[in-house]
Amino acid sequence: MELETCTFSYCQRPEIIEVEADILLIGGGMANCGAAFEAARWATPKGLKIVMVDKAATDRSGAVAMGLSAINTYMGENDPKDYVKMVRGDLMGIIREDLVYDVGRHVDDSVHLFEEWGLPVWKRADDGHTLDGAQPAKKLTEGGKPVRSGKWQIMINGESYKVIVAEAAKKALEFNRVGTGMAQNHYERVFIVELFPDANDSNRVAAAAGFSVRENKAYIFKAKCMLLAAGGAVNCFRPRSVAEGQGRAWYPVWNSGSTYAMAAQLGAELVLMENRFVPARFKDGYGPVGAWFLFFKAKATNSLGEDYCVTHFESSKAKYGKYCSDPHKLGTAIRNHMMMCDMKLGKGPILMNTHLAMDELAKTMDAKQIKHLEAEAWEDFLDMCIGQAGVWAAMNIDPSKTPSEIMPTEPYLLGSHAGCAGIWVSGPDDIAGAPKEWNWGYNRMTTVKGLFTAGDGVGASGHKFSSGSHAEGRIAAKAMVSFCLDNKDYKPTVKKTNDELAAELYLPFEIYEKYKNYSTDTATNPYYIRPKMLQARLQKIMDEYVGGISTYYMTSKTMLDAGLKQLDLLKEDAAKMAAADLHELMRCWENYHRIWTSESHARHILFREDTRYPGYYYRGDFDFVDDENWRCFTISKWDVQNKKWIFSKRDYVQLVPD
Ligand code: SFD
Ligand code: AMP
């Protein structure tokens, strides 16, 4: 196939801006807000420059954009070792225990900072009642008792959670900017497309190229080290939402796999990319269920009133063995599996019995307290998933009277929630029993020199959530400051010229302008494909062959082989994507990142010959959990020279006894 090139013969050349930094933060989400805060403290006195670049406005970017109603990881009275056990159990026995422990021992400090910065944390009054954030109470650091929804989760008034965390990050960046004499060190609405290796060392990161989604400007950032924390991957699979509702998803639609794709393209090792997260969510609005299960103590049942976690317990245990041997500790994937069993039997809709839960809680309450309880029920969604409150209002659902349907969603790829896809990283150097190979000098550095990650980027270490991602960003930031001090004389150099890089970024513009008059409808053209159509094709392939909703998450070698063939064709067509404006240009590059992420996911599922995560995906040809051969890390690496994927297994090592 003849490849198109951009010579700016048809589209306008952008202004090219080169920015130099010591530490580059790619993404402005929870992890990188933590990193900015932490790095500024240590880097500024040493004269090290920090730059943050976010595709959106940091105040409302990433997964926490809408806010959250709970912080899902807070140790408090718990031992981080128990946290490791919980994460191991939930993720079917394969995690990097050094990384998880490291998050556990640091996470509370981030939560205490959030409260210090103004985030209202609910407290338990002496009489046992709930004091929401508006009522005066002692802070956590002063001995205030949080309202625990579950063992690890605490309730917050979190509509403005991200704004609060971003404010601290922006202040830290400002401190660094003034302290090091920079003109600007926070770039919003700049989408990073690709990372580039150093001209003299192919395994070292040197530069990141991106473009403004508002102005005709291309950016080349050069840095000693980078923290790639651009979130997880959404919209790789065909979503349940259609037509008028499309665009709604549970995880943030603007996290398009940039983290995994850009790391893979550089040759960084990825781990457990077969893992995905399929959350049970309130139907159509994607409202999270945790607060309902844990805080309101609601039960989900099938339409006959049966509890699927009871009726399908024995059969699941017989099939998937020890990972569902304790009815009180069923992991997220296995709970999904049991729900799906009933759905396949036609026993849906599956209902969250909000009304029964509220009746039960109201038994010990007076009228005023009941009103407060009802407000809490609505606030759960108004704080983090406004669309779900909209569905309730539109469908005349009063949660104290009517149950709501829940559904398993389309799959998401992420490393910070109840999933663990991601990048293989160096761990802390002080964990007893951790293999030497798990630490190569700098905490959270990937296998590419100078490239770090955190939050959704770090693989084999789920259940960090918002707070753990922030803490992990801080951990990485400290290591990055050390890295800079150890590499003081390093000057990043890139093989390609800035002009060549800008031409690559703007190629979809050139294609559009060159060919747009070849048809009467600019959406349909023999010479190009618009990103919306390409995305639909990607989603259809992933859905039908790689275990999406249309096959009830089922796939197999034959299906994956067929899907991978189609992905190859899609990649050819992707080189002909066309963009009419800057927004569409971003859509094109998001799709490239999604395709890389999706291919890696499919190839990992193919490599792992067991059904490690029933309820997330099934291999019809290996429908069992095989601990003897597959309780191990699966590692992939894109061989940059030879342009092929290389797969291997790496030993799982248990550090915290059962
Ligand atoms: O209810 C580029 N999460 C929850 N965490 C909790 O602690 N409690 C909850 O209640 C949680 N729930 C929840 C959660 C998420 C969502 C969407 C909902 C409900 C509806 C999870 C956390 O939010 C999540 O774990 C962390 O936010 C992960 O942090 P991080 O930093 O890994 O990702 P991010 O925050 O999404 O930030 C990504 C950033 O990258 C930017 N970006 N920038 C430049 N170039 C590119 N190419 C880029 N691509 C992306 C983004 O703009 C963003 O700034 S509940 O369901 O359990
Ligand atoms: P969710 O709202 O589903 O994202 O879950 C929020 C938190 O609650 C996460 O820590 C989940 O692991 C936990 N959680 C959700 N549902 C349950 C459940 N039925 N049992 C135990 N923990 C749950």
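In the predicted model, the buried residues of helix H8 pack against helix H7 (308-311), helix H9 (332-344) and strand E19 (618-619). Helix H8 spans residues 313-320, and its buried positions are Phe-313, Ser-316 and Tyr-320. Viewed down the axis of H8, these buried residues fall within an arc of 70°, so they line one face of the helix. Just after H8, Gly-321 adopts a positive phi of about 65°.

Ligand 1 is surrounded by 37 residues, of which Asp-54, Ala-70, Asn-255, Ser-416 and Ser-466 are the closest. By class, this shell comprises 19 nonpolar, 14 polar and 4 charged residues. At least two shell residues are supplied by each of the following elements: helix H1 (30-43), strand E2 (50-54), strand E3 (70-71), strand E8 (190-198) and helix H13 (465-486). A backbone N or O atom of Lys-55 is placed 3.1 Å from a nitrogen atom of ligand 1. For Asp-456, a backbone N or O atom lies 2.9 Å from an oxygen atom of ligand 1. Ser-61 contributes a polar side-chain atom, 2.8 Å from an oxygen atom of the ligand. Taken alone, ligand 1 exposes 1100 Å², and the protein buries 98% of that area.

The surroundings of ligand 2 consist of Asn-72, Gln-153, Arg-281, Pro-288, Val-289, Gly-290, Phe-293, Leu-294, Arg-335, His-417, His-463 and Phe-465. These divide into 5 nonpolar, 5 polar and 2 charged residues. Helix H6 (residues 290-295) provides the largest share of the shell, with 3 residues. A polar side-chain atom of Arg-281 lies 2.7 Å from an oxygen atom of ligand 2. Gly-290 approaches an oxygen atom of the ligand through a backbone N or O atom, at 2.6 Å, while the corresponding distance for a backbone N or O atom of Val-289 is 3.4 Å. On its own, ligand 2 has 480 Å² of accessible area, of which the protein covers 80%.

His-463, one of the residues around ligand 2, is found in the loop between strand E17 (451-453) and H13. His-463 has a relative accessibility of 7% and therefore counts as buried, the cut-off being under 20%. Its phi is positive, at about 60°, although the residue is not a glycine. Asn-396 is located in the loop between helix H12 (386-394) and strand E15 (404-408). With a relative accessible area of 69%, Asn-396 is exposed. A cis peptide bond occurs between Gly-348 and Pro-349, with omega about -5°. Pro-349 belongs to the loop between H9 and strand E14 (350-352).

Two further buried positions lie within helices. Asp-102 is part of helix H3 (residues 97-116). The relative accessible area of Asp-102 is 1%, so the residue is buried. The side chain of Asp-102 forms a polar contact with the side chain of Asn-443, at 2.9 Å. Apart from neighbours within four places in sequence, Asp-102 is in contact with Pro-428, Asn-443, Arg-444 and Ile-475.

His-601 is situated in helix H18 (residues 582-607). His-601 has 0% relative accessibility and so counts as buried. Not counting residues up to four places away in sequence, His-601 touches Phe-237, Met-273, Glu-274, Asn-275, Arg-276, Leu-413, Met-542 and Val-546.

Definitions and conventions
Residues are numbered from 1 along each chain as its sequence is written. Chains are lettered from A and ligands numbered from 1 in the order in which they are written. Side-chain values use heavy atoms; hydrogens and water are left out. A residue is near a molecule or strand if one of its heavy atoms lies within 4 Å of it. A polar contact is a pair of N or O atoms within 3.5 Å; within protein, one must be able to donate a hydrogen and the other to accept it, and residues adjacent in sequence count only if both atoms are side-chain atoms. Accessible areas come from the Shrake-Rupley method with a 1.4 Å probe; for residues, only the protein chains shown count as cover. Helices (H or I, at least four residues) and strands (E, at least two) are DSSP runs, numbered from the N terminus. Ala, Val, Leu, Ile, Met, Phe, Trp, Tyr, Cys and Pro count as nonpolar, Asp, Glu, Lys and Arg as charged, and the others, Gly among them, as polar. Buried means under 20% relative accessible area, exposed over 50%, partly exposed in between (1.4 Å probe, protein chains only). The arc is that of the directions from the helix axis to the C-beta atoms. Contact means heavy atoms within 4.5 Å.
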